[in-house]
Amino acid sequence: MNFDPVFQQHLDALKSEGRYRHFADLERIAGKFPQALWRKSVDAAPKQVTIWCSNDYLGMGQHPKVLLAMQEALARYGAGAGGTRNISGTTHAHIELEMELAALHGKQAALLFTSGYISNQASLATLGKLLPGLIIFSDADNHNSLIEGIRQSGAEKRIFRHNDVAHLAELLESAPVNAPKLVVFESVYSMDGDIAPLAEIVDLAERYGAMTYLDEVHAVGMYGATGAGVAEELGLSHRLTIIEGTLGKAFGVMGGYITGSMAIVDAIRSSAAGFIFTTSLPPVLCAGALASIRHLRSSSVEREQQRERVAQVKAILTKAGMPIMKNKSHIVPLMVGDAACCRAITDYLIEEHSIYVQPINYPTVPRGTERIRITPLPMHTAEDINKLLNALLSGKHLAHGARVAAA
């Protein structure tokens, strides 16, 4: 039987809703970030564009220290890790990086995963199996990786309204006193850019004897005196049970990790299928991440410059009457509210103004809250910012036109 028509019907529905995902063919230019070459099609001539939506928030993927460390590691170790962590895939580079991550967050131990997604999914799934009767309290806006990990854990799940401390208190109060409890939340929520009330959540967790699991993937490298995240900035790292992060955003490389007590980390290391049965990170990536973390622990220049750019972009877009969602983070959501509009605007920006931003549609965000997610970088210039504003102003007509066409 031919099942292709079933799959094609699904794709046709996505396209009709304006939600079909187009992947931009980009070629980053070493030393010129956030400039890149874009090809509209495979055989099209490349065109230089400015990236305005990168998660390489500080440009560390281009930093000379990171590149040199990776070049030296490639010459020293070769390309791959050679196996799982248990079977020949643990190099000295892995050990060094885990020690650095534990020190970064002030924890006893750290464990590397192949991505931030896998670190959440595998760790939470494992915690539910290691703790019979566990009840997990999860923020309603948690990332899909957290949701999947909780689902796979088999633990009882109770969802509290986003950043609603009072609702979390009600749920904790109603739970059995002797049941093991875990509160799972993020520090910086990547689509709205809002920041969780960490102190209040930690206070509640301690009051009810609950463990805490904090996802800092959009905060590590970015916040705190040494780039350890919002928990460090607020002086709360020592009160959190597990802090999870990524090496693929502000640190500019690839991979994910958890940090916590020696017992917790070792238990997950010994039991998590997503860790045990997958090939480990190439040592060249570990070396690059280690160089990036060490640099950002001692340098605040990149963070300061990035915050200046964020403030400038928010101010200039607000003054122009652009519908940006207000928050205290480095993320600038420009609200559109329609999938087709998002696609039309971003196509216009890249084709007419050489500006690349990606439309954010359902299921990443709820229907009706479609947006353009802007992430100002330290390397964006005043000229880049003015060009972005003028391009957005000149494309305002597209939102109305796309809505009419959709109707």
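**Figure 1. Helices α13 and α14 form a right-handed crossing.** A crossing is termed right-handed if the near helix is turned clockwise from the far one by less than a right angle, and left-handed if anticlockwise. The contact involves Tyr348, Leu349 and His353 from α13, together with Lys387, Ala391, Leu392 and Ser394 from α14; contact means heavy atoms within 4.5 Å. Sorted by class, these are four nonpolar, two polar and one charged residues. Here Ala, Val, Leu, Ile, Met, Phe, Trp, Tyr, Cys and Pro count as nonpolar, Asp, Glu, Lys and Arg as charged, and the others, Gly among them, as polar. Helix α13 covers residues 339-353 and helix α14 residues 382-394; their axes come within 10 Å and cross at roughly 120°. The two helices are therefore oblique to each other. The model is predicted: local features need pLDDT of at least 70 and side-chain atom pairs pLDDT 80 or more, while totals for chains, interfaces and linings use all residues. Residues are numbered from 1 along each chain as its sequence is written, and side-chain values use heavy atoms, with hydrogens and water left out.

**Figure 2. Helix α4 packs against helix α9.** The axes of α4 (residues 116-130) and α9 (residues 262-271) lie 10 Å apart, at an angle of about 100°. Axes are lines fitted to C-alpha atoms, for helices over the stretch in contact, and angles run from 0 to 180 degrees between N-to-C directions. This angle makes α4 roughly perpendicular to α9; the classes are roughly parallel under 35 degrees, roughly antiparallel over 145, roughly perpendicular from 65 to 115, and oblique for the rest. From α4, Ser123, Thr126, Leu127 and Leu130 meet Ala267, Ile268 and Ser271 of α9. The contact of α4 with α9 holds four nonpolar, three polar and no charged residues.

**Figure 3. Ile95 sits in helix α3.** Helix α3 runs over residues 92-105; helices (H or I, at least four residues) and strands (E, at least two) are DSSP runs, numbered from the N terminus. Ile95 has 34% relative accessibility and so counts as partly exposed. That class lies between buried (under 20% relative accessible area) and exposed (over 50%), with a 1.4 Å probe and protein chains only. Leaving aside residues up to four places away in sequence, Ile95 touches Arg85 and Thr90.
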